[in-house]
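Here is a short walk through one model, written for someone who likes cut-offs spelled out. We'll take a surface patch, then the ligand site, then the salt bridges.

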Amino acid sequence: MKFYSTNNFNHQVSLADAVVKGLAPDQGLYMPERIPILPKSFFDIISDLSFKEIGYEVIGSIFCEDLSDEQIRDLVDHTLTFDAPLVKVGKDVFSLELFHGPTLAFKDFGARFCSKLMSMLLVDSNKKVRVLVATSGDTGSAVANGFLGVAGVDVIILFPKGKVSELQEKQFTTLGQNITSLEVDGVFDDCQKMVKEAFLDQELNQKLLLTSANSINIARWIPQALYYFYAFSKIPKNDKKVVFAVPSGNFGNIAAGILAQRMGLPIDHFVAATNLNKVVPDYLKGAEFKSMASIQTISNSMDVGNPSNFPRLLALFGGDEHLLKNKVSGYFYSDNETIETMQQVKKSGYTLDPHGAVGYRGLKDFMSENSGYQGVFLETAHPGKFKDVVEKALNEKLVLPERLAAFMSGKKNVEPLENNFEGFKSYLLNLD
Ligand SMILES: *Cc1c(COP(=O)(O)O)cnc(C)c1O
């Protein structure tokens with residue numbers, strides 16, 4: 001399979017190149033040159049298959065030219081080490097819980113798949129692979145935990161000193177092994193700038209094999225399609241149409257759902273739900289697509305003013321904006337509406353995190369305007385990850401899940417880094 005740039009169909013690269021580069025040189029996103037359609041025989045028995053069996057089939061259909069059957073099994077087995085239960089929350093409404101992984105958020109799926117795929121494609125005996133990550137919190141923890149212990153790959157995380165919550169920081173600074181954290185005397189943008197400069201530096205790239213694992217990488221994007229198939233396999237079989245509501249920031253997650261649909265999964269409709277960073281909902285309602293400065297909200301992992309996966313949404317519909325607007329509805333909510341939703345759903349016995357709450361409300365609003373549906377919203381993080389917000393909204397104490405509490409007792413281990421590129425460069429040049 002070749003992968004093309006959303007800016008130029010004729011720019012096509014191999015799987016390994018797409019994974020190392022992340023972003024195409026023309027700043028486009030990579031997409032598979034064709035989308036395989038799974039056979040009816042697969043959908044006939046999907047309800048009898050395990051998550052992993054679904055994974056072998058879906059991943060195999062895209063990667064079979066590039067990887068052996070054994071590699072495909074290894075890749076799926078390494079990724080799907082935890083479940084994604086579908087929990088009934090109300091009449092015809094289901095929560096797809098994507099927070100049962102090591103860092104309690106859905107990004108664990110993509111990060112685990114990415115680490116394994118990189119080790120398969122890039123590791124050779126000569127050069128160690130070095131993944132550089134700038135993080136303001138969540139990405140660092142998902143990537144670090146996804147790559148922990150993966151042979152031949154080292155992860156170097158740059159994060160701004162004093163700007164990341166203690167709980168988030170602990171999730172990547174306490175791991176050791178092949179994960180190193182550099183505490184930068186600056187803000188997130190400084191970290192990101194240094195990482196970008198490193199990728200452009202000739203001397204560094206001659207000496208080291210540097211890669212990014214950022215959220216637009218196909219190795220993080222594609223595996224997210226798996227849980228849409230799995231959720232569909234669990235949903236009651238009846239004559240209702242199926243809608244998925246996805247709390248969205250960079251729009252990678254929802255784009256993976258649309259990929260699943262293009263592969264033949266009979267999802268009738270998608271709801272793109274956002275906080276006040278509502279560039280895409282505005283676009284879907286008829287405005288021009290116009291990025292804006294991001295607004296801070298309580299669902300802060302979705303505070304994105306320039307959603308980077310938007311070109312993928314369009315590409316999945318063959319560039320047909322009308323079709324995109326027909327199949328995807330946008331809704332956006334204020335922090336007050338998010339809190340109100342968390343309080344209301346708590347009464348029926350289910351605790352939402354602020355991101356899941358945005359997705360839930362989008363689903364309910366769509367279903368009240370359109371009859372004949374059953375719906376799934378993606379619960380993208382465990383409420384304990386946003387403990388302060390959730391406790392304040394619900395006026396009760398949350399018990400942190402053991403996995404999260406365990407991070408808190410780990411010992412933080414970081415190296416200080418001054419806020420200048422020369423220092424970072426000499427640090428990298430001095431690695432073994
Ligand atoms: C990253 C993230 C999102 C947004 O996902 P996108 O793929 O960027 O749209 C939603 N919820 C949580 C908890 C996240 O960490």
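## A greasy patch and a nearby helix

Ile295 sits in the loop that runs between α13 (279–284) and α14 (310–316); helices here are DSSP runs of H or I with at least four residues, strands are E runs of at least two, and both are numbered from the N terminus. This is a predicted model, so local features need pLDDT of at least 70 and side-chain atom pairs count only at pLDDT 80 or more, while totals for chains, interfaces and linings use all residues. Residues are numbered from 1 along each chain as its sequence is written, and side-chain values use heavy atoms, with hydrogens and water left out.

With a relative accessible area of 35%, Ile295 is partly exposed (buried is under 20%, exposed is over 50%, partly exposed is in between, using a 1.4 Å probe and protein chains only). Together with Leu276, Met292 and Phe332, Ile295 makes a nonpolar surface patch of about 280 Å². Patch members need over 30% relative accessible area and no salt bridge; nonpolar side chains (Val, Leu, Ile, Met, Phe, Trp, Tyr) are joined within 5 Å, like charges within 9 Å.

Lys325 belongs to helix α15 (residues 321–327) and is partly exposed at 30% relative accessibility. Between Lys325 and Leu314 there are 9.9 Å, C-alpha to C-alpha, for a sequence separation of 11 residues.

## The ligand site

What surrounds the ligand? A shell of 15 residues does, the closest being Lys107, Gly249, Asn250, Phe251 and Thr380 (a residue counts as near if one of its heavy atoms lies within 4 Å). The shell splits into 5 nonpolar, 8 polar and 2 charged residues. In that scheme Ala, Val, Leu, Ile, Met, Phe, Trp, Tyr, Cys and Pro are nonpolar, Asp, Glu, Lys and Arg are charged, and the others, Gly among them, are polar.

Now for the polar contacts, meaning pairs of N or O atoms within 3.5 Å; within protein, one must be able to donate a hydrogen and the other to accept it, and residues adjacent in sequence count only if both atoms are side-chain atoms. The side chain of Lys107 puts an N or O atom 2.5 Å from a ligand oxygen. On its own the ligand has 390 Å² of accessible area, and the protein covers 95% of that (Shrake-Rupley method, 1.4 Å probe; for residues, only the protein chains shown count as cover).

## Salt bridges

How many salt bridges does the structure hold? There are 16, each being a side-chain nitrogen of Lys or Arg within 4 Å of a carboxyl oxygen of Asp or Glu. In one of them, Lys240 meets Asp92 at 3.1 Å, N to O. That pair links distant parts of the chain, 148 residues apart: Lys240 is in the loop between α11 (226–234) and β10 (241–247), Asp92 in the loop between β4 (86–90) and β5 (93–97). Lys240 is partly exposed at 30%, whereas Asp92 is buried at 14%.

Glu203 and Lys425 form another, with their closest N and O atoms 3.0 Å apart. This one also links distant parts of the chain, from helix α9 (residues 202–207) to helix α20 (residues 421–429), 222 residues apart. Glu203 is partly exposed at 45%, while Lys425 is buried at 11%.
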